[in-house]
Amino acid sequence: MIDIKAKIHDSFAVEFKVGFVADGERGSDFAINTWIFLPNSLDINPATYGKEDFYRDVKSNVRFITPVFPLGAVAAGDAVPLRHLRRALSALAAGPSRERAADYEYHIKMYSAIVKSAMREAVYAVEDGEVAQVAAERCERFAEDVRCVVGAYREARQLIEVPAVSEELRHMYSFGDEYMSHLAESFSFRILERLERFRGASGTDEAACRVRALLRDEAAYRRSRGYVSVTPDDPQGNRRLVYRHNVLKKYVSSDLYIKLDKKQDGKAVRQIYYSIAAGIAMVFATVVAFVFQRRFGNFSGPLFVALVVSYMLKDRIKDLTRYYFAHRLGSRYFDNKADINIKEQPVGWLKEGMDFITDGRVPPEVLELRGRTPLLEAENRIFDEKIILYRKLVYIDGQELARYDEYRLSGINDILRLHLNRFTLKMDDPQTPLHRLRDDGSVEVVYTDRIYYINFVMQFRYGGSVEYKRFRLVVTRNGILGIEEMN
């Protein structure tokens, strides 16, 4: 199964989060083809924007999907995350070793990552509540579950309060503690913002009070532990706070992210084809030499001229043949390939490739989904849209993934972030004046955004099924204004 979510990451970057869920009984192949339709006026084409530029603008983070637990089930009773955490802490306290320290750090990170995912889903449930009473109940449950989850983590700290556990290892535990306190705060503020629309409704004021109490208790706890907090009159401290939270986030997520060592795909095959190209050129040069030598002799002027000309043409033939083979290989092979591993154990691979293509190479269903208006079709006959095809192929071995039994990993998330700074270089001014005549005869000037549309049509193939999605990005020279999912 494939799932996708699109969002604006910042003013100049759009993010597509694609989830690949593996079949637990067999290998799973996933394919995504993305056609990016660019206005001609952006001057993005093969001459100005090569593969190297594209891969510099694309940031792809591949990570395992966080194991899913409801927030109330993370630490309640004999919950799996808490049980794994306590086991790792007890083992470390009994006799620290490099292997036990690594297991201890891993379960701190996993518990924190699971808590983040569970909190986020609980907040989504509150935000999706259209009835005040339902939203209030979910809000109260969130506050109660958060106290339980972070409280269980803090209570487990006593397991490592022994002389055998070094201060450095205890710091790792504090990192998870501080990170979860930050999560509790940020998600609680989101809930309070959501509850504002139900202000005055039955039960919502009491629910909001419980969330505020949670915020106050977390603020007091952070002060007692010496964790940094927001201070209105300390800009430098707040900057350090943002930096620290980003570092903590990366630290906690690090065991879920997959380090990709990308290599050129089909390198050996390319070299074979290029050798064939060199051979074809050499055959041409040798035949010319034999023919002229037989006709004009070994040391003649015509033979000398023929050898020089054949040498010149030989290089051109070799380059043209190489170009032909490279073009033919482009549809079969990808630019890069990377292995997907868990603790050095291969569980799959990933390939990606990028090319500029013409309308004639775009499937009809993709062009139909692109939905060009009659005006755009007329313009396209003169100033054609430029089309980038970004291909990605993923294979996950479901059986190998299932062997990792501490947590059931269902698949991977491929987080693709495309930075658009180069795309905006040749855009016009972000605002343009419009004029209208008022009733009194005076002229009014109205400034409006000068927008450009960048369309993404994505094809997902899994098993025998094929699905399509289209997203339209609204952009000005000052950055992205919005993203729309088109039906």
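Predicted model: local features only at pLDDT ≥ 70, side-chain atom pairs only at ≥ 80, totals over all residues.

Numbering runs from 1 along each chain as its sequence is written, and side-chain values use heavy atoms, with hydrogens and water left out.

Start with Asp-57, in helix α1, residues 51-57 (helices are DSSP runs of H or I, at least four residues; strands are E, at least two; both numbered from the N terminus). Asp-57 is buried, at 7% relative accessible area; buried means under 20%, exposed over 50%, partly exposed in between, with a 1.4 Å probe and protein chains only. Its side chain makes a 2.9 Å polar contact with that of Arg-422. That term means an N or O pair within 3.5 Å; within protein, one atom must be able to donate a hydrogen and the other to accept it, and residues adjacent in sequence count only if both atoms are side-chain atoms.

Next, Arg-370 in helix α10, residues 364-370. Arg-370 is buried too, at 5%, and its side chain has a polar contact of 2.8 Å with the Glu-385 side chain.

Last, Gln-459, in strand β13, residues 452-462. Buried or exposed? Buried, at 9% relative accessibility. Its side chain pairs with that of Tyr-468 in a polar contact of 2.9 Å.
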